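Subject: Structure handover

Hello,

Here is the structure I said I would pass on. My notes on it follow below the entry.

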Amino acid sequence: MTDMYEQMENVEEIQFIVVKLEDEQYGIQIGYVDNIVRMQQITRVPKSQPYYMGVINLRGEVVPIMSLRRRFGLDDDTYSPTTRIIIIRLEDQSMIGFLVDEVKEVVNLDPRTIEKPTFKLEEKNAGYLTGIGKNNESLISLLEIEAVVEEVKKA
C-alpha cells in the first residue's frame, strides 16, 4: 500500500469517519468504509485472538468482527445504543468489522493539517496510526487500517 502522505500530496481534502473509543477520537479514511451497522448478535469463534469478537452475517456474507478497544489495549467494550460496527473493505476486497463506541461525524481534513506522530509510541501500537489530524479544536488519531488488521489476516 502506498504511504498515505504520498497519496495526499495532490489532494485538497481527505474525508475521514470519526469514531469514538472511550474518550478518544479515531479517524478511518472513508474509502475503506463499506457500511455502518447497528450492534447485532456476534457469533463467537473458539480459539481466536482476544480482540477478535466473532462473526456476523451481513447480507449473506460472514464478516469477522474486531474490537478496536481490545486491539488497542483499552478497557473492554461496553454496549450502548450508540455502539456501531464499521464494515471495512480492504484492498484485497475482503471485509472486516470494527466494533466502536460511537460514530461521531464525517470530517474533511486538509492534508497539510495532518502531522505524523513525532513522539515515541508504544512499539506494539506505533504502526496503527498514520498521523494526527486537526479538526477545529479537536485532535483525531488517524488509523492505518491495513496495519490494524494485519495480524488478523495472518491468523
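Ring pairs join Y26, F72 and Y128 into a cluster. Please keep in mind that this is a predicted model. The structure has two aromatic pairs. One of them is formed by Y26 and F72, a tilted pair with 5.4 Å from centre to centre and 35° between the planes. Its members come from distant parts of the chain, 46 residues apart: Y26 belongs to strand β2 (residues 24–29), while F72 is in the loop between α2 (68–71) and β6 (84–89). F72 also pairs with Y128; here the ring centres are 5.4 Å apart and the planes stand at 35°, so this pair too is classed as tilted.

The relative accessible area of F72 is 12%, which is why F72 counts as buried. Y128 has a relative accessibility of 6% and is therefore buried as well.

Y26 turns up again in the surroundings of S141. That serine is located in strand β10 (residues 138–143). Leaving aside residues up to four places away in sequence, S141 touches Q25, Y26, G27, L129, G131 and I132. Its relative accessibility is 15%, so S141 is buried; the cut-off for buried is under 20%.

Another ring contact involves a charge. The charged end of R71 lies over the ring of Y51, at 4.4 Å from the ring centre.

Next, the sheet. Five strands make up an open sheet with mixed pairing, in the order β3-β6-β7-β5-β4. Its edges are β3 (33–38) and β4; each has a single partner strand, so one side of each lacks a neighbour in the sheet. From one strand to the next, the twist averages 30°.

Within that sheet, β6 and β7 (residues 95–100) are paired antiparallel through six bridges. In this pairing R84 is opposite V100 in β7. Strand β4 (residues 52–58) is joined to β5 (residues 61–67) by six bridges, and these two strands also run antiparallel. G54 faces I65 of β5 across that pairing. Together β4 and β5 form a hairpin with two residues between them, and R59 in the turn has a positive phi of about 50°.

Last, the charged pairs. The count of salt bridges is seven. I describe some of them here.

- R69 and E22: the closest N and O atoms are 3.5 Å apart. R69 is in helix α2 and E22 in the loop between β1 (14–21) and β2, so the bridge ties together parts that lie 47 residues apart in sequence. R69 is buried, with a relative accessible area of 6%, whereas E22 is partly exposed at 29%. The two residues also belong to a network of salt bridges that links E22, R69 and D101.
- K134 and E115: the closest N and O atoms are 2.5 Å apart. K134 is part of strand β9 and E115 of the loop between β8 (102–109) and α3, so parts 19 residues apart in sequence are tied together. K134 is partly exposed, with a relative accessible area of 38%, and E115 is partly exposed at 43%.
- D110 and R112: their side chains meet in a salt bridge of 2.7 Å, N to O. R112 has a relative accessibility of 72% and so counts as exposed.

Regards

Methods: Residues are numbered from 1 along each chain as its sequence is written. This is a predicted model: local features need pLDDT of at least 70, side-chain atom pairs count only at pLDDT 80 or more; totals for chains, interfaces and linings use all residues. Side-chain values use heavy atoms; hydrogens and water are left out. Helices (H or I, at least four residues) and strands (E, at least two) are DSSP runs, numbered from the N terminus. Buried means under 20% relative accessible area, exposed over 50%, partly exposed in between (1.4 Å probe, protein chains only). Contact means heavy atoms within 4.5 Å. Two strands pair if DSSP finds at least two bridges between them. Rings of Phe, Tyr and Trp (its six-membered ring) pair if their centres lie within 6.5 Å; planes under 30 degrees apart count as stacked, over 60 as edge-to-face and the rest as tilted. A charge sits over a ring if NZ of Lys or CZ of Arg is within 6 Å of the ring centre and within 35 degrees of the ring normal. Axes are lines fitted to C-alpha atoms, for helices over the stretch in contact, and angles run from 0 to 180 degrees between N-to-C directions. A salt bridge is a side-chain nitrogen of Lys or Arg within 4 Å of a carboxyl oxygen of Asp or Glu.
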